[in-house]
Amino acid sequence: MSSHHHDGDVPPLTEEIAPGTASDPPVGSDGPATLTVDGSEVSVGTGATLLDAIDRVDPADSVPALCSYDRAGIGPRSECRTCMVETDAHGIVPACSFPAEDGLAVHTDAEAAAEARDVNLDLVLSNHNLRCTACGKNGRCELQDAAIDQEVEHPRYGVLDDRDEYEPIDDTSSFIQIDRNKCILCNRCVEACNDVQVAGVLRVEGSGQDTRIGFQSDAETMEDSTCVSCGHCATVCPTGSLVEKGIEDATTIPLPGFTQKNSVGKTIESSGKSKGPMTPKKRRSKSKSESGSPASDGGAPTDARDGTDASEATDTGIDPDADPVPDAGADPWTDDHDSGGGWP
Amino acid sequence: MAMSDHEGSDPELDGVAGYMQRAKQQALQNVEHVAEGVAADTLPEGKLFEIAQSIGDKRLEELNVADTTCGYCAVGCRFDLYSDGEEILAARPTAEEDAPVNGISTCVKGKFGYDFINSDDRLTTPVVRDDDGQFRTASWDEALTRVAEGFGAIREAHGGEALSLIASSKATNEENYLMGKFARQVLGTNSVDNCNRLCHSSTVAGLAKTYGYGAASITTDDLEIADCILLTGSNTTEAHPVLATRIKQNVRDGADLLVFDPREIRIAEHATQYTRVQPGYDAVWINAITRHIINNDLYDEEFVAERTTGFEAVREAVQEFTPERVEEVTGVPHEEIVSAAETIAAADTCVFGWTLGLTEHSHGTENVMAMANLAAITGNLGKPGAGVSPFRGQNNVQGGGGDMGPLPDNFPGYQDIADDEIRAKFEDAWDCDISPEYGYYTTQMFLQADQDNIRGMYIIGENAALSEPGVNHAEEVLEGLDFLVVQDLFVNETAEYADVVLPACSFVEKTGTFTNTDRTVQMVKQVMPPKGDSRPDWKILQELANRMGRDWDYADTAEIMQEVNSLTPLYGGVTHERVEAEGGLQWPCWDEDHPGTVRLYEEEFNTADGKANLQGVGYSEPAEKPDEEYPLTLTTGRVLYHYHTGTMTHREEGIMKYTPSDFVEIHPDTAAGIGVESGDLVTVASRRGEIVVPAQVTDRVGPDNVFVPIHFAESAVNRLTDEEHLDPAAATPEFKVSAVKVRAYDGDADADPIVSPSPERTPGDD
C-alpha cells in the first residue's frame, strides 16, 4: 500500500483507529450446519453462531444476550454472559460467540445454564440503577426486557442505588446524553464508534469496578471529545446509558421532574462554548501538544477552555515510579488499547 | 464545563432564593428516590421493572413511528422516525431490509436535525404582498387566486415562454413530476430546471455522453468491496458522512484510498495516498494518470477492445499531459501520478467517486469525461466493486432533479423534448402543445430575465437568492421580476422578493418516494401532520392547475407514480407497492416484472452501439485565474453540521453550537503574510464583491488557496463567485474557482461583519 501524504509519510488515519471487534477472527461456523435447540432441528448457514440458531426457534428458556447486536458487524464480545447455554459436546458456552456446529445439541433450559444466565444477569444489574421511570429508554430497554423475561425478583448482588455511587450525567453534547450509571459495559457503543463509524472517539477505559466508557482523546466530556455526532453509539446502546436527546423523556413517568437528566441529581452541563467554526483536522484534534497552537488548526476562538483540564486530571495521583504517561502529542493513538493505567 | 450538584439548567441563585431553588429541585428528586426506596423495601426490585415498563408502553403507544427516507443529502438513509404529533423526537434504526443503503448508520443531520420543522418562523399560512409592498397572511383561496391571475396575465401578454419554474429536489419524485408537467402543460413553458444545474449537471452531461446514463453506475455496496477508491472534489466525511463510513471501513480492511483534492479534508487523512491539487485543473491530472496507464500498457486491453470505442482518440489526447507540464499546472509531482496510476491499474476493482469539486467548473463536463475515460480504459465498469459514483447532493436530486424531468430539455426518464415522437406522447398524455425548443437553464433564466425574456418565476424549495452564483446579480433579477411566487417552508432570502409565498411542508409531513445517489427509489412516509395550514407541494400544484383551467384529480402520490410509470420507461415498474414491499428498487426498472438494476453496464452501455463512447479531452483551465491583484484561489463547499443555505440547519440550536458562523480557511503562511491569526476578521474580496469572515488558520488548505463554506446568508460567499462563465454543455457555474484577495478587516468595509448569527434564524427570515 503506497502512502504519499502531502505532509510526510504518515499512515492513513484508519490504521490508527482502535478497533472494537472488527479485526477479530470470525466466530461463526465454517459451513452450513444442522443442529438441535431444545430438541427442535435448525439449519443455519455459514458464519452462524448458536445464538443465530436459537433465534430461529422458540427456545424453552429465553436467552437475553445483552451485549450481542446482530447488525452492522458489531460484536460478538461475550461481555455479559447472559447467553450461556448447555451443549452436549462442549458443556456450558456463550451462545453469542460459539459457532453453530453440525450435529450439536443445545439446551437453553438446562439447569446449570439457566443458573449461569441468572447469576450473570444479576451481576449486570448490580451495577445498574433502577430508576426506570425516569429513564430515557424506559419501555425500549433490553435490560428491562431481560429482567422481566427472567423474572428477576431480588438481584442477589444488590443494585447500584444500594451503594450510592452515582456518576454525574454528561449532558454536554447537543445531541447525545451519557448516563454511565446505566452502562453495562457491553462495548456496543465503542464498536459502533470505531468499527462502524471508524471515528475513534469512544473507548472502554479503566479496570475493575472503575471500568467506564471514555474518550480516546482523553477528553473528560462528550463536548470536548472528537465526537462527530453520528449517533451510532446511542443507536446501539441496549440501555439508557446513551440516549438521543429529544426522546429521553418520552416514556418517563409523566410527572414534573421525572426526567432522565434529573435522575441522578448531578449533571455536567455544556460549557456553552462553540466548537467551531471550522471542522478540525482529525490528527491535530487528537494531539494535545498541538491543540494549543492556533496556527496549526484554526479554532483560536474556542481553544481556551476552562473547567477541568483532561491532562491535569490524568496526571494527578500517578506514582512517579510508574511508567511515565505516554506523550499524547507524539503519538496520540498508541495509548488507546489497554488504556486505563493513566486514568485516576 | 459547569458541574452542578442539582439538576436543571437554571442559573444558580444566591441566598434565600438559592436555598429555595435547591430545595425545590431536591424535592423533585426525592419523589423518585424515595418512591424507589419505598418500593424496593416493599416490592421485589423486579416488580419495579414491570411497573416502569407499563408506563413506558403506555406512553410509547402515544407516539407515531414510521420508517422513512432522510431528507438531507442523497445517500438515502432510511430509519424510523418517532413523533408525538408535534415534533420529531428521534431517529432510530429501521428493519435491515428497509434500509438497503445505510443499515443502522446515520449522520448528525439525519439523526438529530429536526428542529427546523417546528421553528418559530416556519411558514404555516400563505402570505401575499399588499399594494403597500408589505407582506400579510392570506387564505389559501386568496393566495392561489393571486398566483393564477399573476401567471395568467404574463402568459396572456407575453406567452408561456416568459414564465419559468425552478423545481425542488427536496420534494418527492411525484411532486417533481408534477412540477415538470405544471410548467409545460399549465404555464406553457419549457423553462423548468432545478438545483442540479448548480451541482452535478456536468456529471449528468459527461456520463450520458460517454456511457448513456447520467447517474452512478455502482450500487453503494461497491464502496465496501472495491479494492481501490479514487475520490476527488468530495469532502465525503462531511457532505456524505454515511458513504464515508463505508469507505473508511473498506480502507480499514485493506483497500487503497486515493484522494486528490485542494484541501486535506478528513477523508484525505484516512487515505493511503493524499495528493493536493490546484483547483480548476482536474482534467489535467486525470489525463496524466490515463496517459501513464496507456503508455505503460497498464490498461485493460480486453475491455477496451470489446466494450469501448474511441480509445485511440483518448490515447492521442492525453499525450500532451507530460510529467513536467502536469506538475507545473496542477502542482502534482510525477511520482504521485505514477503511484496513483499503478495502484488503480493493479487493483482488480476500483470505484471512481467525485462530488462538486470536479463538476462546478466552466469545464466540468470535460472533467467528468476525463474521469469516465479513466474508468473505462481500466475496465472498472459493470462489475462488483467497480464503477463511477458521483455522490449526489440534495436528497432527491437524482430522482426529482433528473429522472422526473423538471428540465428544460428533457421529459421524465431523460426523454428528449426535441424528439417528435416522444413529444407527441407527452402532448397526448398531457393534452397540451409543447414547443420543441429547449427552455432556459436556471443559470440562464437569471441572465435572460435581464433581457425581459423571463418575467415571472415560480420558485419551489430553492433559495436562489443565496445559491445562485454572483448573488448580487440574482437579487437584482428577483427584484425586477413582474411576478414571483415562492413555495417553501420559510420566508427565505428568495421569498423576500416574492409577490406570493405558499407554505409547503417537509418530508416528514408527506408521502411519496425519493431516489438516492445509487438510483435506489425508496419510500418517504408521513410521520406527523402538516404544520398549520402548510400543504404538500403536490396538493398545491393540483389546486393551482385546476384554477388555471386544468382538471387534475390525483387522490394520492401513488396515483401520480402510476402516471410516471406509464410515461417513463426507466421507471416503468417502480410502483409504490413494489418499493414498499421490496424496501427499495434501483432503476432502470422497465416493467412490473423487471427486478431493477443493481449495477449499470454489466452487459452493455446505454448508447446506440452498446459501447462506451470515449472521447479525447484536452487541456482546460479555470475561467478566472489568480493574478497580481487577486492572488488566491477561493473554493467553496460544505461542513458536516450544516446543509446548503442553512434554512434547515441554522434552526437547530445544537448544530449552531458546532459551527456557529461562517469562516475562511487560510494557510499559516498566507495568514502570516497579512498578519492575521485564527479568529481575526478578514475581508475576502473578488472582482464581484467582498465578504468579512473570521479566519481559521490551518494547513488543510494550500498556501495559494482559501476555502469558505456555502451555508451562511450573512456573509454569502456567492457574492464572490462568478455567474458568467458556465460549462458550455451543462451550464454549471464555476463555484469552485474564484480569484480573490484576503486582507485583515480594517473596520470600514461595506459589508457588516457577522461573527455569531443568532442560532434560531438568519437575517431576513421573518
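## Chains A and B: a briefing

Chain B averages a pLDDT of 90, with 92% of its residues scoring at least 70; pLDDT is the predictor's confidence in each residue, from 0 to 100. This is a predicted model, in which local features need pLDDT of at least 70 and side-chain atom pairs count only at pLDDT 80 or more, while totals for chains, interfaces and linings use all residues. Residues are numbered from 1 along each chain as its sequence is written, chains are lettered from A in the order in which they are written, and side-chain values use heavy atoms, leaving out hydrogens and water.

**Confidence**

- The model scores ipTM 0.87 and pTM 0.87.
- In chain B, the pLDDT is below 50 over residues 15-21, a stretch with five contacts beyond near neighbours in sequence (contact means heavy atoms within 4.5 Å).
- Residues 749-766 of chain B also have a pLDDT below 50, and this stretch has 48 contacts beyond near neighbours in sequence.
- Chain A averages a pLDDT of 79, and 79% of its residues score at least 70.

**Where the chains meet**

- The contact takes 106 residues from chain A and 91 residues from chain B.
- About 8,300 Å² is buried between chain A and chain B, and carbon and sulfur atoms give 56% of that area; buried area is the accessible area (1.4 Å probe) that two parts lose on being put together, summed over both.
- Six salt bridges are counted between the chains (a side-chain nitrogen of Lys or Arg within 4 Å of a carboxyl oxygen of Asp or Glu).
- K111(B) forms a salt bridge with E244(A), their closest N and O atoms being 2.7 Å apart.
- On the side of chain A that touches chain B, the elements supplying at least two residues each include α3 (142-149), α5 (188-196) and β11 (267-269); helices (H or I, at least four residues) and strands (E, at least two) are DSSP runs, numbered from the N terminus.

**A sheet in chain B**

- Three strands of chain B form an open, antiparallel sheet in the order β20-β21-β22; strands pair if DSSP finds at least two bridges between them.
- The edge strands β20 (512-515) and β22 (585-586) of chain B each pair on one side only.
- Two bridges join β21 (residues 520-524) of chain B to β22(B), where L585(B) is the bridge partner of V521(B).
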